Amino acid sequence: MNNLDAKIQEAATVLMNSKSNTAFTGAGISVESGIPPFRGKGGLWTKYNPEFIGIDYFFKDPEKSWTRIKDIFYDFLGKAKPNLAHQILAGMEQNNLLSAVITQNIDNMHQEAGSVVVHEFHGNSKYLVCTDCDARYSVREVDLSTLPPYCPKCDHLLKPDFIFFGEAIPREPYTASVDLAQTSEVFIVIGSTGEVMPACQIPVFAKSNGATIIEVNTEKSNFTDKVTDIFLQGKATEVMNSLGKALQIV
Ligand code: NAD
Ligand code: ZN
């Protein structure tokens, strides 16, 4: 048994012996679905200036902001499908090995893979919200052929229901995540640099409450030397597939 296999066995034992496990996911879990991360090699921000998803920019020039949003988030990323790592997390929930997923992602992949309890720290790009009456629409119901789109009910501007730069974290996922960090015995952190505040504080808070931290990442992150107990280095799909086998759910 090599070193990674031994660590995967150890992680599986920890997860099976724990009463409550939570997953915390970042952009890395969706890379193998074809969705690039924001930062680092191949990241979206190496190609685009992120100003178009700044909240002030959006209200100042909604047409320009929406044109770029549509290109990137709907035409390009809209076709992605969940991968094995998302599916294994859904399988863990079905087998009572996972209480919840906290995700920083906005791509809806966990729900499409079958996860039920998903707390979206930064919202979800598959929905649009009215900037006036708060009505929420699936993006499939809205015509994006003329931009920007307006609310069918009140005719005000629609915005993707994810957090733009300059916006606050929604209350529900924040309180639910803090609660999970206080109560979970194990946190499994997958594909996150741990650089995005305040989301990155959640695994640190879990650790300070006594949780064991299992981390899956191709590279070391801000978490690795600070809070991680078991570091499973590798691609999310490969590591999670091996973990799923060790947990006997695949
Ligand atoms: P990040 O983009 O800062 O970092 C990605 C992490 O994933 C890195 O640590 C990298 O080493 C790791 N990684 C890359 N490929 C991997 C693979 N195949 N398997 C395992 N790990 C892999 O991610 P972040 O910390 O989540 O922060 C980015 C922010 O941008 C988040 O707030 C998120 O909302 C947003 N974002 C979301 C999406 C999405 O919805 N899929 C995509 C890009 C960015
Ligand atoms: Zn409205």
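This is a predicted model: local features need pLDDT of at least 70, side-chain atom pairs count only at pLDDT 80 or more; totals for chains, interfaces and linings use all residues.
Helix 6 passes helix 7 in a right-handed crossing, meaning that the near helix is turned clockwise from the far one by less than a right angle. The contact, defined as heavy atoms within 4.5 Å, involves Ser 177, Val 178, Ala 181 and Gln 182 of helix 6 and Ile 202, Phe 205 and Ala 206 of helix 7. Helices here are DSSP runs (H or I, at least four residues), numbered from the N terminus.

Residues are numbered from 1 along each chain as its sequence is written, ligands are numbered from 1 in the order in which they are written, and side-chain values use heavy atoms, with hydrogens and water left out.

I turn now to the metal site. Which residues hold the zinc ion (ligand 2) as protein donors? They are Cys 130, Cys 133, Cys 151 and Cys 154, each through SG, lying 2.3 Å from the zinc ion; donors are N, O and S atoms within 2.8 Å of the metal (3.2 Å for Na, K and Ca). Along the chain, their spacing is C-x2-C-x17-C-x2-C. The arrangement is tetrahedral because the four donor atoms subtend angles of 98 to 118°, the requirement for four donors being that all angles lie between 85 and 135 degrees.

Methods: Four donors count as tetrahedral if all angles lie between 85 and 135 degrees; four count as square planar and six as octahedral if opposite donors are over 155 degrees apart and all others between 65 and 115; anything else is irregular. Helices (H or I, at least four residues) and strands (E, at least two) are DSSP runs, numbered from the N terminus.
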